[in-house]
Amino acid sequence: MYVRALILTLRSLVLCLSMLLCVTAEAQQRVSVRNNLLYDAMLTPNIGADVMLNHRWSLGMTAGYRPWPTSDNVSRKWRHVLLMPELRHWSDSTFADRSWFWGINAAWSHYNVADVGFPIGTVYPAVKHERRQGDLVAVGASIGRSWRLNQWLRLEAEAGIDVGYTKGDIYECGRCGSLTGDYKRLFLVPKLALNLVLNRHKRPVPVVDVYPVDTLLPPPPPAPPVLVFHRVPDYAGRAGLLEKDNPVLKHISQYRPYDRTRILRKESGALYVNFPLDRSLLQREYRENAPTLDRIVDITRQIMADSTSSVKRIQIVGLASIEGAVAHNEQLSQQRAEALKAYIQQHVANVPDSLFELNGGGEAWADLRDQLCDVLAALEGETTAPGGKTTAPGGKTTAPGGKTAGHGSVVGGLPADAPSADAPSAEALRQAIAVIDGESDAARREQRLRQLNGGRTYQYISQQLLPDQRNSGYLRIYYDYVPDKTAAVINHASELLSQKRYQEALQMLQTVASDPRAQNALGVALFYNNHMGDAIECFERAANADNADAKENLIQMYRQLER
């Protein structure tokens, strides 16, 4: 058993020395070999090795072996082998000139002890008069301090405590006694170490004196790193995130009250729910209602459930087409707005009436006029190609009569590039627009439109344009969010950093240190307040969150460590 342990210890020594002396210069700075002088004083040869995992963590292994006395006939014995792995965390960078560290360790030992009086009698008081042979395992924690002595050597002082379990056999005396029994017990034992550490430190790069000798001026010091930091944007809550993909959402600062001169069909992002002719019953299956209603409900639910943002106003404008009596259409448009409001309240909990702004827009004359202008512009933009074919704006070719293959639609269902085959002439469209502009009475305005061009103009309007006006109309959701006080603190601290008021900036940033957005600025403040290790930790956290400034700062920190 002891021969195998001795071989293991010697192999560990050879391996550690080889790692230190034979690897590259960069790797030599990441590996250290140590010897516990207190363990040596107890006549136990020992060796340990530590490997730097990163700038704050190291992993090590200690091996100790005492083979004496090698003869079993000698009564007094303290023969044992020890293996102890240890994980350390350093207060500054690993293997720094001066640094505190704490560690956790495990231990295993095989021992043969007799006629020994331990300083602490509670460990094994009986071994003064008997021999015990067995194994132990333990775990513990310790704290220590490291000092660099020169380029190659450091001194470490370490103290801690281990708790463990041991079992073994009991003999009558240390030399020839017979087996009298066995034992199992828990124990608590202190851990002390005074380590002499072999660790190659990189020599500073010599600075060439470029000044004349007679000037007596020292060479300039290396330039300090220039760390980067920028302002962070306010967090606009869940509503702010939803707005990117849902233009129906607008911040309350962009609110516009409704008036009937607004052309709602061209306002980007608004949502429309359609109704059959002369109906105010909201039907999910009608036209594109189902996906539109689902979006309205989903957006409203998410904002209502978010503590950082809130719905401030849901603006609904009910509309009706120009068909029928004016008074009836006024009432119908209001009923359509109310139907959409009722649907939202039915499917989203706790949406009070006070959040809704309902507008009965009546007959959608402004939108109808805008539709007629679009059709007129499309007709006037056409040119006749050779062979009698017509080329619409954008170069698309239509057959005689104006039919187009594969044209798209704009908001409200209008042709994107050419009117349909049964569109009236440009002159007829101008007459219709003139009627809308010149007749103030809505009922007479509709009558006059019906009479134009023998009724053909109104027939086109009724079939192609009016279906898009039979809807609940325009819907817009306005939101607000809780002011982002954390962003304000970070940005104020960033201003202090730019003014080189580093201590004030650090104190301010420590109040928001838990926010991931603060990590880069906090790292800058820590560095300029001479806390390089903590600064690197902040930069690493920010870099892991994909902060570009932190990634650049981290590169500069690593360069600083190499000096």
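I started with strand 2 and strand 3 (residues 57–66), which run antiparallel and are joined by seven bridges. Strands here are DSSP E runs of at least two residues and helices are H or I runs of at least four, numbered from the N terminus; two strands pair if DSSP finds at least two bridges between them.

A note on the source: this is a predicted model, where local features need pLDDT of at least 70, side-chain atom pairs count only at pLDDT 80 or more, and totals for chains, interfaces and linings use all residues. Residues are numbered from 1 along each chain as its sequence is written, and side-chain values use heavy atoms, with hydrogens and water left out.

Next I looked up the link between the two strands: strand 2 and strand 3 form a hairpin with four residues between them. I found Gly48 bridged to Thr62 in strand 3.

On to the other partner. Strand 1 (residues 31–36) runs antiparallel to strand 2, with four bridges joining them. Ser32 sits opposite Asp50 of strand 2.

How enclosed is strand 2 (residues 46–52)? Six of its seven residues are buried, so the rest of the structure largely encloses this strand (buried means under 20% relative accessible area, with a 1.4 Å probe and protein chains only).

Then I turned to a helix pair. Helix 13 (residues 519–528) packs against helix 14 (residues 532–544) at about 165°, with the axes 8 Å apart. Therefore helix 13 is roughly antiparallel to helix 14 (the label applies to angles over 145 degrees). I listed the contact residues (heavy atoms within 4.5 Å): among them are Leu522 and Phe527 of helix 13 and Cys538 and Phe539 of helix 14.

How values were computed: Axes fitted to C-alpha atoms, helices over the stretch in contact; angles between N-to-C directions. Parallel < 35°, antiparallel > 145°, perpendicular 65-115°, else oblique. Buried < 20%, exposed > 50% of the residue type's maximum accessible area, 1.4 Å probe, protein only.
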